[in-house]
Amino acid sequence: MSAKKKFSTFLSRYAVVIIFLIITIAATPPSGLSVRYILQELITRLGRNSFLVLALLLPIYAGMGLNFGMTLGAMAGQIGLIFAVNYSIAGWQGLVFALLVGLPISVLLGWICGLVMNRAKGREMVTGYILAFFMNGIYQFFVMYMLGSVVPMGNKAIVLSRGYGIRNTLNLESVRQSLDNILVLRIAGFSIPVVTFIVIAVLCVFIAWFKKTKLGQDMRAVGQDMAVAESAGIPVEKTRIIAIIISTVLACAGQIIFLQNMGNLATYNAHDQTGFFAVASILVGGASVTSANIANVFIGVMLLHAMFVVSPLAGQNLFGSAMIGEYFRQFIGYGVIALSLVLYAWRSKKAAAEARLGLRGVNNSHNNKVEITTKNGGQA
Amino acid sequence: MNGSTSEKNGQNAQNVKKRRLIIRAALLAVYVLLIVLMIHSGRRHTILIDNKDPHDGSYSAIDGMEVSIDNQEPLEYYRGDRDKAVVQGQKHIIKVEIFDDGRKIEKSFAVPLWTDMVIIYVPKLVNGIEPWLEPFTVTEQLEESQESISPDEEISFQSMGSPQLEDLGKASPTP
Amino acid sequence: MRNIKTFIQDFGWPRIIIFLFLVGLFIMAPFVQVRLDASISDVLNRFGQNAIMVLAMVPMIQSGCGLNFGLALGLVSGLLGATLSLQLELHGMIGFLSAIVLAMPFSILFGWIYGKLLNRVKGEEMTIAMYVGFSFIMFMCIMWLVLPYDNPTMVWGYAGKGLRTTISVENYWLHVLNNFLAIKIGEFFIFPTGLLLFVALFAFFMWVFLRTKTGTAMTAVGSNPDFARASGVDVDKMRTISVIVSTFLGAVGIIVYEQSFGFIQLYTAPNAMVFPAVAAILIGGASINKASMVNVVVGTILFQGLLTMTPSVINSLLHTDMSEVIRIIVSNGMILYALTRKMKVSK
C-alpha cells in the first residue's frame, strides 16, 4: 500500500517532467534534427532564457505564486534598450546603460505590481496576468505616442515616419550578442557564451545567499503563512512588495539578456511571450505554485525548449503540415501549464484533507469512512 | 540611568537614519557615475574617411594609401574614395600609409561625445592642413549632394511600415 | 445628499467615470462629423452581439467559480454548432436555430468535463481556466484542419481540406435575428429588434432560473459554501451545473454574435472574445461572486459603447488611431479593479 502510494505521489509530483521527456524523446527522430544541433540550441537558449526564469523564484518563495507581472520588468528593459539605441551606445556598455535606465522604471512598476497584488491576495496570478496586459497598454501608449514627441528621440532612424513613436522593429545590431561574445568557448564543435553563463551563475549565488538573509527568511515565513508571519512581527505587505520589485528588476535584466541574444527588438510585442515562456519553463522543471528551486529553472528551460525546438518539425513530418506542428507545440505548451496547475491544486487539496485526517487520529487505511466530509475540500 | 539610555536610543535612531541617507546618496552617485561611464565608453560614432578632391582646389587627394582606425582592418583608398569606420568611445588613432613614398603617419584624435558622425579629410591630415576632422551632419551631406555626386549610404535601422497593435484581450501568446 | 453618496459608493467611481466618458463621447460626436444615429445603431448592434456572452459569466460567478476565463470551451461548442449547420446546408432561421441545437450536446459535454475539473481545483479556478481554455483552442486548431468538412464555402479552395480561418455566413443565416422586426429610421439607423428581443428572452430565462430551487442553491453555494453544504446542497453538483449552463450560453452567445457580425471566426479568434466578456460584466458592477442581470446589461452597454465610440470620435478628433491602446487600458483596468476589490464575503 505504501509503496504504491509513494509511486503515485512521485508520479503526480513529476508528471509534467515525465510527460515532457517522453514527448521530446518521441519527437526527436521524426524531426530529423541531429542531437548536436539540438544540444547547441539548448546551450544558446539556456543562456538566453535562464535569467528570466530565475526572476520567478522569489515571488514563489514569498507565497505569491507565479509572477506573471514579470512582463512589466521586460517592458522596462525594452525601454532601456530603446534609449541605448537612441543614443547609439553600443556593445556591452549599451546593455549596462539599458539596465541602468530600466532600473528605476522596473522598481516603480514592481512597486505598483506589488501594491496591486497585495489588494488581491489569493488571486495574485490572475491579477499579475491582467496587470501585464494593462501595463502593456500603457507601454504601447508611451512608446507609440510619447517617445519622439514629448520625450525627444535624437536618433531619427528609429522613429516612425510620421515623426513620433518608435518603429515596429528595432535592429539591435549595435548591442547584438555583446554579452554572449565577450568570451566564447568553442569546444567539440559547440559554441558556449561564457560570460552570459557567468552572469547567470552570479544570480544563482545571489539568490542562494539572499535566502539566508533576514529579508529572505522573512519572505519564506510570509510564503508559508501570512498570519503567522504577521504575528511574528514581519511586515507582510512590505515584504511581498519587495519580493515583486526584485523579481521585476531581474526580469528587466533578463529581458535585456534575451534581446541581446535575439539581435532585434519587436518593439510592440517582444514582451508578450515573456511571462508565458518563463512560467511554462519553471513549471515544466517540476516547480509548483508554492515551491521552486534553482534546479527547476534549468531543467525546465532545457525540457521546454528542447520540446519547442523539436516538435514543429516533428509535427510537420508526421502530419504533413507545419501548421499542425505549430499548433501542437502551443497546445502542449499551454496544456502543460494547465496540467501543472491542476496537479498542484489537486495535491494541495489532498494534503489538506490528509492533514485533517491526521488530526482526527484516524489510520490512513480507513480513509473511506470519512469520505463524505472531505469530499468538498473545505475551501470555496 | 533611564535618561541617558533613552537619549542613546534617540541618538541611535538618528545615526541609523543618517547612515541610511548616506548609503542612499552614495548609491545614487554610483548610479549616475555608471551611466556617465557607459555613455562615454559605449557611445558609437561613425568616422567618414574622405579622400576626395575639394571643390576649392586647396589640396589634392592622395593617389593611393592604406588607412586604418585603431585595430580595425586597413582599407585601401584611391583618389575620390570615401569610406566609413564605426568606433566606440571617444579617443582613437588613425594610421595612414601612403603607397607612393611609403610615408607612415599616425595621429590620435577625439570625437566629441554627442557627435554621431565625423569626417576626416585624409589629404588635409597628411599635409598638415587644419582642421582635418569635422562633424558631419545631414545638412552637409545635402550640400554635398547638391554640388556633386551623392555620398555613400548612411547607417540606417531596419523599419517596417506603421505599427500594429495586439487586438484587445489577445490572451493567447504564440510561443 | 446622503443618498447620492451611497449611490456613488455602490456604483463605484470607475464606472461613473466610464459612464461620463461615454456620454461625453456621444455629445462630442456630432461636432467631429460622426453621425449620431449611426453611432447609436452601432452601439445597439454591438450590445446585442455580445450580451449573451456576457450573460454566460453570470452562472459561474454566482456559484463561486469566479470569472469564467474558460469561456473558450463554450465558444468552441458554438463554433462546432455553427460550422455543422453550414455543413448541413441549413439556411435562415432554421439554420440559426439548428446551430444552437447542434452546439448543445458539445457544450453540455465540455461543460460537464470542465466542471468536474474545476471542482477538483477549488481556489485556483481562474488561472487554470485560462490555460485550459488556451490549450483547448490550440487543440481545436488542429481539429479545424483535420475534421472532414467539405462544404466548399468553408474549406480552403486550394487543398479542398481544412477549414478557412474566417467563414462567411452571408448565404446562410446572416442577420436573421437582427432583421426580424427591425425598425429602420433614415439611412443610418437600424434598430435590431429581433436581436434585442432574443437577448431579452435569454436574460429573462436566466433571471427565472436564478430564482428556481436550483438557481437559489447555486447562489448559496457561491456566497456561502459551508452554509450551503450544511443545508444539504450538493456543492459540487451545483458548480458543475453552473459551468454547463455557462458553457451553453457561451455557445449561444457566439452564434448570435456570428449571425450579427456575418462571419464565423475559427482558430485562435475565440481567445479575443473571452476577455471582453469578463471586462464587460466587471464594468457592469459584478464582483467575483455576485452578478445580476443589471450588471450584464449595464456592463455590456458601457463596454461596447466605449469600444464603438472611442475609435470614431477620438480618431476624428485627434486624427490618430489611439483606439486600440485605449481599449487595452480601459478593459484590463476594469478587470484589475474588480480583482482588487475587497469582497464582502471572503473566499
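Trainee: How many bridges join strand 2 of chain B to strand 5 of chain B, and what makes the two a pair?

Mentor: Five bridges join strand 2 (residues 64-69) to strand 5 (residues 91-98) in chain B, and the two run antiparallel. One bridge links Ser68(B) with its partner Lys95(B) in strand 5. Strands here are DSSP runs of E with at least two residues, helices are runs of H or I with at least four, and both are numbered from the N terminus.

The model is predicted: local features need pLDDT of at least 70 and side-chain atom pairs pLDDT 80 or more, whereas totals for chains, interfaces and linings use all residues. Residues are numbered from 1 along each chain as its sequence is written, and chains are lettered from A and ligands numbered from 1 in the order in which they are written.

Trainee: Which strands of the sheet in chain B are edge strands, and why?

Mentor: The open sheet has four strands in the order 3-2-5-6, with antiparallel pairing. Strand 3 (75-78) and strand 6 (104-110) of chain B are the edge strands, because each pairs on one side only.

Trainee: Why does the radius of gyration of chain C agree with that of a compact globule?

Mentor: The globule rule is 2.2 Å times the number of residues to the power 0.38, and the radius is taken over C-alpha atoms. For 347 residues a compact globule would have a value near 20 Å; chain C has 20 Å, therefore the two agree.

Trainee: What percentage of the residues in chain C is buried?

Mentor: Buried residues make up 53% of the 347 in chain C; a residue is buried if 20 or more other C-beta atoms, placed from the backbone, lie within 10 Å of its own, exposed if 12 or fewer, and partly exposed in between.
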